[in-house]
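Student: I have a protein model to look through. Can we go over it together?

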Amino acid sequence: MEDSKRIGDDHHRELWERVEDVRVAMMTTVDVDGSLRSRPMWTQGADFDGSLWFFISKEAPAAHALARDPRVGLAYAAPDKDLYVSVVGTGELVDDEAKARDLWNTFAEAWFPGGVDDPHLGLLRVDVKEAEYWEDKKPKVLQFAEIVLGAVRGVPPRSGEKKELDFGAA
C-alpha cells in the first residue's frame with residue numbers, strides 16, 4: 001500500500017510540474033450528437049492532488065455537455081519548451097464555496113465580475129484517470145541534428161521522453 005501511495009504522489013508531482021506553468025488547457029467534451037468539442041480553459045490552484053480545477057459558467061455549452069457525459073480530455077501544450085500533455089478524466093460541476101474562494105483570482109474576476117457569489121459561476125473538478133506527456137529538454141540545435149540524421153539514415157529520430165501516468169492504479 002505504501003508503494004502505491006508513493007507512486008501516486010510521484011505521478012501527481014510529475015503531472016503538476018508539467019501543467020502548472022502552462023495553465024491553459026484545451027478541454028474536450030462530448031456534444032449531444034456524439035461529436036467532440038474543445039474549448040480553452042484556465043487551470044486553477046497551486047497544486048494537484050488527483051483533481052484539476054476550473055471555473056466555468058453554469059450556462060456554458062461545456063457545462064451542459066458534462067451533465068450529459070462527464071468524460072473529459074485536456075490537452076496542454078508549450079511548444080517553446082517542447083512539452084505536450086494529454087489528460088483523461090471525468091468532470092463534474094461541484095458546489096463548493098470554500099474551494100471557489102480558495103481558487104479565486106483576478107483572472108477569474110474578468111469572466112465572473114460578481115466574484116465568488118456570481119450566479120453564473122460554476123466550479124469544475126476534473127478527476128484525472130490517466131495522463132501522458134511528451135517532452136524534449138535537449139537544445140533545439142541537437143533536436144534538429146537528430147532529425148537530419150534520422151532523415152539521412154531513414155530511421156525516425158527519438159524525440160525526447162514519452163511517459164504514461166495511470167492515476168487509477170495509484
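Tutor: What follows covers the overall build, then the pockets, then the salt bridges.

Student: Before that, what kind of model is this?

Tutor: The model is predicted: local features need pLDDT of at least 70, side-chain atom pairs count only at pLDDT 80 or more, and totals for chains, interfaces and linings use all residues. Residues are numbered from 1 along each chain as its sequence is written, and side-chain values use heavy atoms, with hydrogens and water left out.

Student: How many helices and strands are there in the protein?

Tutor: The protein has five helices and seven strands. Helices (H or I, at least four residues) and strands (E, at least two) are DSSP runs, numbered from the N terminus. Along the sequence the pattern reads α-β-β-β-α-β-β-α-α-β-α-β.

Student: And what share of the residues count as buried?

Tutor: 39% of the 170 residues. Buried means under 20% relative accessible area, exposed over 50%, and partly exposed in between (1.4 Å probe, protein chains only).

Student: What about contacts in the protein between residues at least 6 apart in sequence?

Tutor: Of those, 67% join residues at least 24 apart. A contact means heavy atoms within 4.5 Å.

Student: Now pockets. How much space lies in the largest pocket?

Tutor: About 350 Å³. On a 1 Å grid over the protein atoms alone, a pocket is an open set of points where a 1.4 Å probe fits, with protein on both sides within 12 Å along at least five of seven lines; lining residues have an atom within 4 Å of a point. Grid points are joined across faces, edges and corners, and a volume is the space filled by probe spheres set on the points.

Student: Which residues line the largest pocket?

Tutor: Among them are Val-24, Met-41, Trp-42, Phe-55, Phe-107 and Trp-111. The elements giving two or more residues to this lining are β2 (36-42), β3 (51-57) and α4 (106-111).

Student: How does that lining of the largest pocket divide by class?

Tutor: Ten residues are nonpolar, two are polar and none is charged. Ala, Val, Leu, Ile, Met, Phe, Trp, Tyr, Cys and Pro count as nonpolar, Asp, Glu, Lys and Arg as charged, and the others, Gly among them, as polar.

Student: What is the volume of the second largest pocket?

Tutor: About 200 Å³. Of its 13 lining residues, the closest to the centre are Lys-58, Asp-95, Asp-96, Val-116 and Leu-121. Two or more lining residues come from each of β5 (83-94), α3 (97-103) and β6 (121-135). The largest share, three residues, belongs to β6. By class, this lining has six nonpolar, one polar and six charged residues.

Student: Changing topic, how many salt bridges does the count come to?

Tutor: Nine. A salt bridge is a side-chain nitrogen of Lys or Arg within 4 Å of a carboxyl oxygen of Asp or Glu.

Student: Which residue bridges to Glu-135?

Tutor: Arg-18, at 3.0 Å from N to O. Glu-135 is in strand β6 and Arg-18 in helix α1 (residues 2-19), 117 residues apart. Both residues are buried.

Student: Where does Glu-17 come in?

Tutor: Glu-17 also forms a salt bridge with Arg-18, at 3.8 Å from N to O. Glu-17 counts as partly exposed because its relative accessibility is 47%, while Arg-18 has a relative accessible area of 10%.

Student: One more pair, please. Which residue forms a salt bridge with Asp-69?

Tutor: Arg-71, with the closest N and O atoms 2.7 Å apart. Asp-69 is buried at 14% relative accessibility, whereas Arg-71 is exposed at 52%. As for networks, shared partners join Glu-17, Arg-18 and Glu-135 into one.
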